Amino acid sequence: DNPDVIHFSFSGIAAEFNQVIGIGLPAKVFVSCRGSAEKIRPLTDSSRADKLMKVFSLVDKIHCVSDDMRHTISPFLSDESKVFINYPSMDTSKFKYARRRFLYLNNKEIPYKILSTGRLHFQKGYVHALGAIKLLKDSGLFFEYHICGGGPEEGLLRYMIQELGLQDSVILHGKVSSKTVQELLLEADAFLLPSIYEGIANAALEAIATGVPILTTTAGGMAEVIENKVNGLIVERFSSEELYKGLKYLHDYPSEAQRYAEEARDTLTKRFTLERQIEVFDFEYQTILEKTSPI
């Protein structure tokens, strides 16, 4: 049977099928825009910009994971009415929620535990995070910074850790299972997302689902998830100093950190549910099909 809708999950994939889409497919065509393919690739590959403009002119609807992503692709659009926003979703039932115990408060031999998860890529801003961690160490705080993920920046990060004297404070776990990530989330006192660009980070949503207080940057759509000092802390990108201040604040004011975590969990269950995401996609699919159905 012929499908009613063909949905390309990534614009980069759709761009490689421009010729096929251009000959007219027996279905309505959707494409999703999520991050690197729209924010970075056009800056390094001029042909990708041309391909994106082409694919956006050919498809019927364009899904963006955030309003920030909508603004990102705006220069490539000839018809902005094609765009709709549907945020990522999180199945909270798969994550154990727990109030933080902040064990470091009552036992000075227990470290303040900070966690980041995500591939070791310049996008994630780990260079700035390690700068913040150096400031945290210089302040005399006892802590551990755990990083889960592998990627092309591993050599740089290991070099920085050595040169900054952070070997006893930073643990690179490499690629780990989702089970291990969940175990580390349950032990963490703070989740750090130091990214320089994002769509909306699933890693941050997972941390919120587990009850970890969030410190993130204004990268991409994260400002559509976190409101500063309401359900987390959000600081400007590219600043080790601002990240350091945020980490220190979450350490020094655990009651505030716990309040942020609870508010963030409430945000998640209201705006980032799987049910809501399905409803939005279903509405867009049905609407475009009804517009073209024969009378």
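Guide: Two strands pair if DSSP finds at least two bridges between them. Strands (E, at least two residues) and helices (H or I, at least four) are DSSP runs, numbered from the N terminus. Here, strand S2 (residues 28-33) pairs with strand S3 (residues 61-64) in the parallel sense, over four bridges. Cys33 has Cys64, in S3, as its bridge partner.

Visitor: On what basis are such features reported?

Guide: This is a predicted model, in which local features need pLDDT of at least 70 and side-chain atom pairs count only at pLDDT 80 or more, while totals for chains, interfaces and linings use all residues. Residues are numbered from 1 along each chain as its sequence is written, and side-chain values use heavy atoms, with hydrogens and water left out.

Visitor: What is the order of the strands in the open sheet?

Guide: The four strands of the open sheet run in the order S1-S2-S3-S4, with parallel pairing. Strand S1 (5-8) and strand S4 (83-85) are the edge strands, each pairing on one side only.

Visitor: Is Asn18 buried or exposed?

Guide: Buried means under 20% relative accessible area, exposed over 50%, and partly exposed in between (1.4 Å probe, protein chains only). Asn18, in helix H2 (residues 18-22), has a relative accessible area of 10% and is therefore buried.

Visitor: Which residues is Asn18 in contact with, leaving aside its neighbours within four places in sequence?

Guide: Contact means heavy atoms within 4.5 Å. With those neighbours left aside, Asn18 is in contact with Lys51, Lys54, Val55 and Leu58. The Asn18 side chain reaches the backbone oxygen of Lys51 at 3.2 Å and the backbone nitrogen of Val55 at 3.4 Å.

Terms used. Polar contact = N/O pair within 3.5 Å; in protein donor to acceptor, adjacent residues only side chain to side chain.
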